[in-house]
Amino acid sequence: MILAIDAGNTNIVFGGVEKNGKTAFLCRVNTDKDKTEDEYAVQLKILIELNGASTGSFEGGIISSVVPQLTQVLKRAAEKVTGKAPLIVGPGIKTGLNILIDNPAQLGSDLAVGAVAAIALYPKPLMVIDMGTATTICVVDKDSNYRGGIIAPGVRVSMESLTRNAAQLQSIGLAAPKKAIGTNTADCMRSGLVFGNAAMIDGLIDRMSEEIDGEPAVIATGGLAQNIIPYCRHKVILNDELLLTGLRIIYDKNV
């Protein structure tokens, strides 16, 4: 088993992934840029043990991080807990991806990891939706080339911007309203956030599908996907473990 860590701007996902790609456990915690390596090490040790695993059971580890100031903090924390220095997804790491964007060095490690997992698990062409601080969609064509994608404001970012800038609007939960036409302020906001984001995803799938050859499989992951994807009209596969699977695949390519 390896320790896989996916560090995003909103959440950090820790997981134990077996050789066969099966996820033994998955934990999601809030990203805190002010925590020290010791604080993360304590949190990590507790989570591992709460899930019935032993800190000595890991053969190694790997980290994908889009939070540069936490990358080395998490690396040192993981090494303290497991006794093994984890790999970092970045320059020099083999992913097997053929990246066709203008500047491949700009591709976020999370997008690369999600694409690697999706290529291994699903038919091509495909799209991967990741719903966190940002909502991203990446496209892989029928020849397994990474073609590019979109980046949009995430659901919570949109909600926080709305409530921060509109004095009479208060923060709400992300439960979907019973109908699209809201009859009170809270339901109007929920409709805009839930149905609006679902409609955005449906529309982007349509537009992006026109630019590739074949009908794409669409896979969604990320902390907010379960709040939005059920209201999409396209068939979208939810896979909360996608990035951990991708981290296992990349780890195996580099050891």
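This is a predicted model: local features need pLDDT of at least 70, side-chain atom pairs count only at pLDDT 80 or more; totals for chains, interfaces and linings use all residues.

Modeller: Start with the open sheet: it has five strands, running in the order β3-β2-β1-β4-β5, with mixed pairing. At the edges you'll find β3 (23-30) and β5 (87-88); each has a single partner strand, so one side of each has no neighbour in the sheet. Follow β3 to its partner: β2 and β3 pair in the antiparallel sense, over seven bridges. One spot to look for is glycine 15, whose bridge partner in β3 is leucine 26. Packed on the sheet is α7, which touches β1, β2, β3, β4 (60-65) and β5, and its direction makes about 125° with that of β1.

Now for the inside. The largest nonpolar core has 31 residues, and the ones touching the most other members are Ile62, Leu97, Leu126, Tyr146, Ile219, Leu242 and Leu247. Elements giving two or more residues to this core include β1 (2-7), β2 (11-17) and α7 (242-254), but the largest share, eight residues, comes from α3.

So let's zoom in on α3. Eleven of its 13 residues are buried, among them Leu111, Val113, Val116 and Ile119. Its length checks out too: at 1.5 Å a residue, helix α3 (residues 109-121) should span 18 Å, and its end C-alpha atoms are 19 Å apart, which agrees. Leucine 97 touches Ala112, Ala115, Val116 and Ile119, as well as Leu107 and Tyr146, leaving aside residues up to four places away in sequence. There's also a second, separate core of 26 residues, including Met159, Leu174, Ile228 and Cys232.

Definitions and conventions. Residues are numbered from 1 along each chain as its sequence is written. Side-chain values use heavy atoms; hydrogens and water are left out. Helices (H or I, at least four residues) and strands (E, at least two) are DSSP runs, numbered from the N terminus. The expected span of a helix is 1.5 Å times one less than its number of residues. Buried means under 20% relative accessible area, exposed over 50%, partly exposed in between (1.4 Å probe, protein chains only). A nonpolar core is a set of buried Ala, Val, Leu, Ile, Met, Phe, Trp, Tyr and Cys residues joined through side-chain atoms within 4.5 Å. Contact means heavy atoms within 4.5 Å. Two strands pair if DSSP finds at least two bridges between them. Axes are lines fitted to C-alpha atoms, for helices over the stretch in contact, and angles run from 0 to 180 degrees between N-to-C directions.
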